[in-house]
Amino acid sequence: MRGVILSKPGVVQVEDRPDPVIIEPTDAIIKIAATCVCGSDLWPYRGDDPADRIPMGHEYVGTVTAIGAAVTSVAVGDFVVGSFFASDNTCEICQAGYQSRCVHAQVMGEIGTQAEYARIPLADGTLVATPGAPDADLIPSLLAASDVLGTGWFAAVAAESGPGKTVAVVGDGAVGLLGVLAAKQLGARRIIAMSRHADRQKLALEFGATDIVEERGDDGVTKIKELTGGLGAHSVIEAVGTQESMMQAIRSTRPGGHVGYVGVSHDVDLPGLELFFSGIHLHGGPAPVRRFLPELIDLIWNRTIDPGKVFDLTLPLEQAADAYAAMDQRRATKALLTV
Ligand SMILES: [Zn+2]
């Protein structure tokens, strides 16, 4: 099969890779229908994380082509969505809703789903089948559920977005934009998107943002305070993962409020005393997307939400290098790869 390998920072190659096979009786093999490039794939691409001939990709939707002897909840021919961690969905951590920290969690990025096929460990716990074969126009939205929508949704839930709340969103990448969509669906009264890019502001407004703040850092905090009677937002979604974005989120939150942080943390160092006196709740981490998949698939299937709008570039798998370059250079928010 063909699949993406990051040879070294900046060098994306599509190569012949071994066809995946069933290894454990709990595995399934899927033929991938669509995959995509994640903001987090840019960390190794830019050399900020190690990159030495690693398979890439952890977002996927596709059709089951084989199952192990122990798999019972999905069958050959099912169209399925899974997330970036395989999970058993039965251990105490999974049952509490934290499948990304499952005691048996396996990292899908190590398998690499920017490929024609993928082995999915713990298929019964990991995969959720759609009600039938999806219409082609639903595939981008179902793919979004695999990571960026599920992650934005978790951030909105972790930030306790809900009726009557003012939600601020730090970060205008795909996750931040879908955090806006999630906050809207969860009933937030006011949603402030922090963005300096006209195209992303437009999408944020389509997804339900009521206000746009272009300032960032301390100026952004000042603006959020101005818009909230000096108090700060009830709920803040952090979807970047840098020191500046994390402090912007914490300082934009009113005492008693909640930060949902899902930007993968890079060199973030939190000041203890400031945090102590802030009186806020911090809740985040790798999103347990699996918790939300049934609900998200339902909302997409019923055409209540259209998160697939975040994909503003679609290329065939063979042109993966162009997709990485476009996202790296911010010519694209999120690139979909057709397989
Ligand atoms: Zn588990």
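Visitor: Which residue in β2 does G3 stand opposite?

Guide: G3 stands opposite E15 in β2. Keep in mind that this is a predicted model: local features need pLDDT of at least 70, side-chain atom pairs count only at pLDDT 80 or more, and totals for chains, interfaces and linings use all residues. Residues are numbered from 1 along each chain as its sequence is written.

Visitor: How many bridges join β1 and β2?

Guide: Strands are DSSP runs of E, at least two residues, and helices are runs of H or I, at least four, numbered from the N terminus. Two strands pair if DSSP finds at least two bridges between them. Here β1 (residues 2-8) pairs with β2 over six bridges, in the antiparallel sense. The open sheet has three strands, ordered β2-β1-β4. Its edge strands are β2 (11-16) and β4 (54-55).

Visitor: How is the chain divided into domains?

Guide: Domain bounds come from an automatic or database domain assignment. Domain 1 covers 2-147 + 288-338, and domain 2 covers 151-284. Their centres, taken over C-alpha atoms, are 26 Å apart.

Visitor: How many residues are in contact between the domains?

Guide: Contact means C-beta atoms, placed from the backbone, within 7 Å. By that rule, 15 residues of domain 1 meet 14 of domain 2. Helix α12 (residues 289-301) gives the most to the domain 1 side, with three residues.

Visitor: Is helix α5 buried or exposed?

Guide: A residue is buried if 20 or more other C-beta atoms, placed from the backbone, lie within 10 Å of its own, exposed if 12 or fewer, and partly exposed in between. In α5 (residues 139-146), eight of eight residues are buried. Among them are I139, P140 and L142.

Key. Contact = placed C-beta atoms within 7 Å.
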